Amino acid sequence: MKSLVNETVSHDKFGEGTIVEETALKIRVQFSGTEQPKIFAFPIAFEKFLVLQDISLQEECRRLAEQKRKELDQAEAERMAGIRRIVAEKRRERIEAAKQKKKKTAKKG
């Protein structure tokens, strides 16, 4: 994909602006009426917040945003599955500890 620097974008709140810097994860946009450039997550910002004037670049950025969203959703699903596994394991350990304690108490009595 070609560089987005100097491309014109629009934003619902800030109006029209120019991309002044891009990295793999962020872009900076200078909007008229703002002193400092605004920072947006790339390419996710093109899902809802920013619209490029160049239609073909906009579509490319939307595709990248969709791909990135899928990756983020998959990573979150994996993280949540890991948490559920840990919680289930801790629950099994507590149940087993309670059973062992009950057995010891029954033997003493």
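**Close-up views of aromatic pairs and a nonpolar core**

Three aromatic pairs turn up when the whole structure is searched; please keep in mind that this is a predicted model.

**View 1. Phe14 and Phe31 form a tilted aromatic pair.** Their ring centres are 5.2 Å apart, with 35° between the planes. Phe14 sits in the loop between strand 1 (8-11) and strand 2 (15-22), while Phe31 belongs to strand 3 (residues 26-31), so this pair ties together parts that are 17 residues apart in sequence. Phe14 has 24% relative accessibility and counts as partly exposed, whereas Phe31, at 1%, counts as buried.

**View 2. Phe31 and Phe40 make an edge-to-face pair.** Here the centres lie 6.2 Å apart and the planes meet at 75°; because an angle over 60 degrees counts as edge-to-face, the pair gets that label. Both Phe31 and Phe40 are buried. Together with Phe14, these two residues form one aromatic cluster.

**View 3. Phe46 and Leu50 touch the most other members of the largest nonpolar core.** This core has 14 residues. Two or more of them come from each of strand 3, helix 1 (45-48), strand 5 (50-52) and helix 2 (55-108). Strand 3 gives the largest share, with three residues. As general background, nonpolar side chains tend to be buried together in soluble globular proteins.

**View 4. The contacts of Phe46.**

How values were computed: Residues are numbered from 1 along each chain as its sequence is written. This is a predicted model: local features need pLDDT of at least 70, side-chain atom pairs count only at pLDDT 80 or more; totals for chains, interfaces and linings use all residues. Side-chain values use heavy atoms; hydrogens and water are left out. Rings of Phe, Tyr and Trp (its six-membered ring) pair if their centres lie within 6.5 Å; planes under 30 degrees apart count as stacked, over 60 as edge-to-face and the rest as tilted. Helices (H or I, at least four residues) and strands (E, at least two) are DSSP runs, numbered from the N terminus. Buried means under 20% relative accessible area, exposed over 50%, partly exposed in between (1.4 Å probe, protein chains only). A nonpolar core is a set of buried Ala, Val, Leu, Ile, Met, Phe, Trp, Tyr and Cys residues joined through side-chain atoms within 4.5 Å. Contact means heavy atoms within 4.5 Å. Lists of a residue's contacts leave out its neighbours within four places in sequence.
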